[in-house]
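Please have both at hand.

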Amino acid sequence: MPQAVVGGLFIALGWVFNGWQNRKRDRRRRLERVQDVQTALIAEIDHYVMTLKLFDLSATWSRIVGAMEEDAKYIPVVPSERNDTVFSALIAEVHVLPEEVIQPVVGYYNQVFAVEAIIDDLRSDLFREMDQVQRIGMYTDYIALKQEALARGEVALSALRQSTGTNNRGAARSDQS
């Protein structure tokens with residue numbers, strides 16, 4: 001009988017130890033997944049933010065609106081954009097992000113979706129049929145949406161980088177000198 005008790009204890013301890021190892025492995029995998037998702041989002045958001053910073057949006061607005069005011073038939077060409085490929089692929093994984101990251105990231109992507117929607121409107125036949133004052137108003141809204149996307153992108157990047165412990169260049173922070 002004592003051998004059975006010792007054997008039972010040994011098996012029970014094995015289950016407990018195995019369960020502890022499995023939970024530890026699962027936590028490590030989850031943390032790796034969170035890091036991977038955040039790194040991918042940083043790459044996508046940073047690309048668009050850097051692209052927006054290449055242009056002086058206010059100067060672009062001024063130049064295009066000036067041309068529209070001078071020529072009532074002038075309609076600016078607005079290229080389509082796609083700045084949510086990674087986010088769209090990872091939307092089902094958004095729940096793995098830390099709580100303090102979800103809001104700025106989702107807010108940024110909602111702004112990107114608004115930019116994409118107004119681009120569709122600016123490329124539509126309905127836009128072409130509007131009078132120039134209405135078109136200028138829509139183009140002004142488009143630039144304002146892009147400026148807001150830039151601001152929200154910087155906030156989202158800051159939250160993601162703080163969460164991942166990376167600096168502006170994406171390298172891991174180090175306390176060593």
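The sections below treat the basis of the model, helix packing, salt bridges and selected residues.

## Basis of the model

The model is predicted, and local features need pLDDT of at least 70, side-chain atom pairs count only at pLDDT 80 or more, and totals for chains, interfaces and linings use all residues. Residues are numbered from 1 along each chain as its sequence is written, and side-chain values use heavy atoms, with hydrogens and water left out.

Two packed helices are described by the angle between their axes and the distance between the axes. Helices here are DSSP runs (H or I, at least four residues), numbered from the N terminus, as are strands (E, at least two). Axes are lines fitted to C-alpha atoms, for helices over the stretch in contact, and angles run from 0 to 180 degrees between N-to-C directions.

Helix α2, residues 57–70, packs against helix α6, residues 132–164, at an angle of about 175°, and the axes are 10 Å apart. The two helices are therefore roughly antiparallel to each other; angles over 145 degrees fall in that class, while those under 35 count as roughly parallel, 65 to 115 as roughly perpendicular and the rest as oblique. On the α2 side, the contact (heavy atoms within 4.5 Å) is made by Leu 57, Ser 58, Thr 60, Trp 61, Ile 64, Val 65, Met 68 and Glu 69. On the α6 side, the contributors are Gln 132, Arg 135, Ile 136, Tyr 139, Thr 140, Ile 143, Lys 146 and Gln 147. The residues of this contact comprise eight nonpolar, five polar and three charged, where Ala, Val, Leu, Ile, Met, Phe, Trp, Tyr, Cys and Pro count as nonpolar, Asp, Glu, Lys and Arg as charged, and the others, Gly among them, as polar.

## Salt bridges

Side chains of opposite charge can pair when their charged atoms come close. The structure holds six salt bridges, each defined as a side-chain nitrogen of Lys or Arg within 4 Å of a carboxyl oxygen of Asp or Glu. Accessibility is classed by relative accessible area: buried means under 20%, exposed over 50%, and partly exposed in between (1.4 Å probe, protein chains only).

One of the salt bridges joins Glu 93 and Arg 33, with an N to O distance of 3.5 Å. Glu 93 is partly exposed at 23% relative accessible area, and Arg 33 is partly exposed at 33%. Another salt bridge pairs Lys 53 with Glu 154 at 2.9 Å, N to O. Lys 53 lies in helix α1 and Glu 154 in helix α6, so this bridge ties together parts that are 101 residues apart in sequence. Lys 53 is partly exposed, with a value of 46%, and Glu 154 is partly exposed, with 35%.

## Lys 146 and its partner

Glu 81 forms a salt bridge with Lys 146, their closest N and O atoms being 2.3 Å apart. Because Glu 81 sits in the loop between α2 and α3 and Lys 146 in helix α6, the pair ties together parts 65 residues apart in sequence. Glu 81 is partly exposed, at 22%, whereas Lys 146 is buried, at 7%. Beyond residues up to four places away in sequence, Lys 146 touches Tyr 48, Leu 52, Leu 57, Glu 81 and Val 115.

Leu 52, in helix α1, is buried with a relative accessible area of 3%. Leaving aside neighbours within four places in sequence, Leu 52 is in contact with Leu 57, Lys 146, Ala 149 and Leu 150.

Leu 157 belongs to helix α6 and counts as buried at 4% relative accessibility. Not counting residues up to four places away in sequence, Leu 157 touches Ile 42, Ile 45, Asp 46 and Val 49. Leu 157 and Ile 42 are 115 residues apart in sequence, and their C-alpha atoms are 6.1 Å apart in space.

Glu 44 is found in helix α1. Glu 44 is buried yet has no salt bridge, and the nearest side chain of opposite charge, Arg 82, is 7.1 Å away; Lys and Arg count as positive and Asp and Glu as negative, with His and the chain ends not counted. With residues up to four places away in sequence excluded, Glu 44 touches Asn 83, Asp 84, Thr 85, Val 86, Phe 87 and Tyr 109.
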